[in-house]
Amino acid sequence: MRTPPGVSASDFSAALAQFEKAVGKQWVFTRDEDVDLYRDSYSPYWHEPEERVVSAAVAPESVEQIQAVLRIANSYKIPLWTISTGRNLAYGGSAPVLSGSVVLDLKRMNKIIEVNEKNHYALVEPGVSYFDLYRYIQDHKLRVWIDPPDPGWGSPVGNSLERGGGRTPMRDHFAAVCGIEVVLANGEVIRTGMGALPNSKTWQQYKYGFGPYVDGMFSQSNFGVVTKMGIWLMPEPEAYRDGRVMVPKHDDLVPFVETLAYLMNSEIVRGTMLLESPVLSYRASKGEGILDKPGGPSVGELDKLAQDKNLPYWGAELRFWGPQNVIDAQWEYTQEKFSAIPGATFKEGRSYKFPVQLQENDTVTRVALGIPNLSVFGLISGTQGHMDFSPIIPMTGEAVFEVLKVFGAAYAEMGVEPKNQFFVLPWAFFPRAFVLLFGFPIEPDVEKNKRTREVFQKLVRVAAEHGWGEYRTHTTMMDTVANVYSYNNHALLRVHETIKDAVDPQGILSPGKSGIWPKHLRTKKA
Amino acid sequence: MNLPPGISEKDFSAAIEEWQDALGKDWVLTADADVALYRDAYSPVWNEPEEPIPSAAVAPDGVEQVQAVVRIANRYKVPLWTISTGKNLGYGGSAPLLGGSVILDLKRMDRVLEVNEKNHYALVEPGVSYFDLYRYIQERKLKVWIDPPDPGWGSPIGNSLERGGGYTPMHDHYDAVCGMEVVLPNGELMRTGMGALPAAKTWQQYKYGFGPYVQGMFSQSSLGIVTKMGVWLLPEPEAYVAGTVMCWKRDDLIPMMEAFANLVNSGTLRTTTTIASPLWFGLPDKELDPLRVSGAVKEMEEYGARKKIPYWTIPLPFYGPAKVVAAQWEHAKQKFSSIPGVTFEDGPSYRFPLSAQDLAKIRDTVPLGIPSLQIFSVISILGQQSEGHLGFSPIIPMTGEALLEALTLFDQVHRELGSGGGAFPVLSSFPRSLVIIYLLPVTRDVEKNRRTREVYRRLIKEAAARGWGEYRTHTTFMNDISDTYSFNDHALRRFHETVKDALDPNGILSPGKCGIWPRRMRKAQA
Amino acid sequence: MKMAGAFLIALLAIVAPGAGAQERIASSWTTATVSGQGQPHGYVEYQKFCSACHGEGVGRPGTLALQAKYKGAVPALLDKRTDLTAPLIKMYVRNGITVMPSFRKTEISDADLDAICAYLTRNNKP
Amino acid sequence: MRNVKRRSAKALLLSAMLLALAGTAFAAPDEAQIERGHKVYDKWCFPCHGTGLGKPGTDSLKARGVNPAVLEERTDLSAAVIKLSVRHGVLFMPMFRKTEVSDADLDAITAYLMRNNKK
């Protein structure tokens, strides 16, 4: 039987016995076959000694049981790693940062406490999945939409805390959080925002409450265990339509993104978009990377290729949700705005009125209509899984050019073919900034994974040198990423540590999360 | 000379001397005449023993000077009360909560560091006023709007930290904050979000950064001194149209608010508007007043029908492309059209930029992103010969049921206690909830003020009993409000206190702010 | 670099104009939203946990993968198979395979898994 | 019951201010001073006391029968009155701090507002 670091076997068995008393024997997992279910299926250390493994798992079903578990963990200094549905794949899945941690698995806390159709919100527990919430809303015929990420088996609580994104106008998941309940390391239960007011009538309607607004402290964090969360929903729109905007030349990207930023920051274009480059995709299909490698073709040559193949250089599918007459006007105005770019072309897309019964073969992206699914895994079939590198960059054409050059050069320097990692042009998951997603394939091959990790860490450093930081990262890379957020000798990280020591003096909650280690483990920090 | 509580004359003079060395004699203000300028001009305890009079004021010009001031304050444990422009009138102005505190006046830090027209944001210092920022943008002919509150002499930093609101689509000011620089209680300098990345390119474009999102901790808070802040701006819209929805029966408010919530929460209506009842709370009227007092709804409705005085009015302003806003107003009318007898009135419509002539015809320019002080004209009429006002501002759900309950209650309290004021503008300053602004006149008459405070405290209790809490309050009532946010024996406040003691062990920053006291003063307050 | 190749092609589809891979393989959850009244336990659990990947229709990664693997030698749809054994099913559910991660007992309890096995082996020849 | 101590302190403070101000009140203003005063006035006073719609200072003075209601049109303002109003406030007009309007700025405003006074 594995034991947590620094915990004697006897203490550990004593703790496990008490866990069993607290949550019931069948909800404390210690047999290897059960504990292995908490390995990160997509671990970049798969089958290596450094793989982050679990010593046991405990699955409480209520706040009271969590309080009991924390009390026990405190008395034996047992490190816990909290997961909601444990589907944070590509960012660590259900495995801890600190090997030997006991997983605090909240999957059994799966109550949908409320879905409100008039003020458009839901109040859920961490074990609820997007599928569960969607099903609940369908079964009750409520006219509200959720905003599922792809894939949809994750937890709204977990995904929002990790600050994930979706595709509808509610794409920024943390921004849609309104009111949380947290169990602190000492077992104390707090409710944030208006929830601090007994019998509050607006816990899920007003975010800030009175005094410091602390919700954010519990995101990407190890300061507490979130047991309830309010999430804003979108009223079912009357209609949806999408359309494509394309421009012919490389340099058109600058006015293209400027126009896009104007439209998005004015909320004329909403939801998440992905920048496309038909001509670069064509090259990639011929085995070339999308990144701009040294000695690669000149802008002139690429422009010519685009012209010869009659492919637009840049494009994007833009989506509109709302009253029919409004989205028609928005799409019309969008075309006017882009028409200022010579040679801009447009393609009418799909159009729906809601509620809609989609045909199975309908090609629309389901998540953009608030329908959770798992189709994204079709993209990575044939591999063991993937790990994401996701830096934030400015929403400008110049920044995109710089990114393609800088990462192209980095790959060349490492002598790695960029197509070893899948790379897509920027997404707009958040307002006013782009995010890049590099998917690193994880393979059942120690050597390949080792190389993948080197490339990953190099990219983190290169990005930091250019002022680009990751919005989220894999558990095995958290120290690496935390360390580049180093302004004024890591002043922010030191504040996190000060708070950590104050609210979790024994350091039992998710040690190492986002680079934040409790005092007694801090030397471990890379 | 007025001394900070528990500080010896000797220590205080020593601190003053050190501050003089750090800032220069001119900017350490100790003369009674100068210090008196920091009294709350609208204090509800004016000239009473409990009026909190500062002991001195220090006005640093630059981050290093702020750090020096804080380090000196730590050395002598002198409490500081931070103000940016000190125009938080109605909520405490520039006066401290704790009498004898030294005012840390940041007005001299008034640089506009950047205004970005492509990603639509500004980076400012705390002493910058909305007027300053507006002027800066006009001088450079930048096509971005600020979102001024009324009045416009306050600080974007101060107002956003207090979580104030404006009237354009960027009306939720805290929500528009992106990236802060903070001087911590120990004098350390920290940057939040992407600012923690030394070469950050997206400090003002992406809010969350990596790891816990701590920015909210510094709003309505005493945990640090914000010396720089990113504020998101609105790209100049093409056009504006407004229309008014009028309903004639009391209970129409219920379907009205349901349609309204749908418009707001779907992003169709993106601004703050004011829900009013000319019939119930309108101008004095010999025939109507008795009906109002007796609450004779039916008769009032008949009178309203006869005299064309609507029971409810909601103006709906739309910002964006001319064709889009026209479509939005059309859609809004459809949304309300199912309410029997509903009538609509087209309001003004503008194209931007406005000509000087058009501008001169507009009384209230704040909804057009142009700061002004015209609100005081309204208040001066409202409060007759009042010296100022107090704002009581509870948050209630965005439903007709809640609004009827609240207005009935306030009307009754208002008549029962003859509290003056008596107009209850209902603002949709935040999505999914409503805030009622009950303005109480403040005078120089001790007796009247004492009465007003009783009314205020009665209102706090009545609201809390119904699950409504205040979003912000005057320093005089911060303890009272904080006491109502008492879920689980004040668990949230105790969490705030834990964080306070960890970051500010000497308790030098704004003691008592929002009911959070440093350990050494907590006993005295409890 | 065969895998990476497959990887890239799939991704490219996203960036290609018109209907991209994302769209082509997108699937609807609607079939899985049936509350399952009167349905056997195993069927309901199968719909809940498996059909999003192994169900019928476009955009079911599991079905696609099995189609690619067996080229029709056996049905790509798990609930059309008659050759699955309980141990085999449990092995995949608890250990995962390629992109399919393992499922924990807090997600699919042993009892639910037994029911799923019963459902998927219902047509097996004795 | 009013707080006597605080009240007398206030009275004292007032007369102290008047005395302090008396000195500067007669300093002969030059054009540059007046020009500067105009700038400061535009920044700090105009939003309330200017011409046009929604100017509470002007509205309020008008309501109280003061004519002309726009300060810039007055020829009867004395340095003492101006400085007292700025540093002490009147009704809902709050006092202004020296980090907002410095003493030098205030002298300039005074010079500007008194530029047309009869000598």
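Two residues are counted as in contact if their C-beta atoms, placed from the backbone, lie within 7 Å. The structure described here is a predicted model. On this criterion, six residues of domain 2 of chain B are in contact with eleven residues of domain 5 of chain B. The centres of domain 2 and domain 5 of chain B, taken over C-alpha atoms, are separated by 26 Å. In the domain assignment of chain B, domain 2 covers 112-235 and domain 5 covers 485-525; the assignment also includes domain 1 (9-105), domain 3 (239-352) and domain 4 (381-480).

Chain B also touches chain A. This contact involves 92 residues of chain A and 90 residues of chain B. On the chain A side, two or more residues come from each of the strands β9 (189-191), β11 (234-235) and β17 (392-394), and from each of the helices α6 (253-265), α9 (324-339), α11 (446-465), α12 (478-484) and α13 (487-503). The element that gives the most to this side is α13(A), with ten residues. By class, the chain A side has 50 nonpolar, 29 polar and 13 charged residues.

A further contact joins chain B and chain D, with 37 residues from chain B and 25 residues from chain D. On the chain B side, the elements that give two or more residues are α2 (32-36) and α12 (375-382) of chain B. The chain B side of this contact divides into 17 nonpolar, eleven polar and nine charged residues.

Notes
Residues numbered from 1 in each chain as written. Chains lettered and ligands numbered in written order. Predicted model: local features only at pLDDT ≥ 70, side-chain atom pairs only at ≥ 80, totals over all residues. Helix = DSSP H or I, 4+ residues; strand = E, 2+ residues; numbered from the N terminus. Nonpolar A, V, L, I, M, F, W, Y, C, P; charged D, E, K, R; others polar. Domains from an automatic or database assignment.
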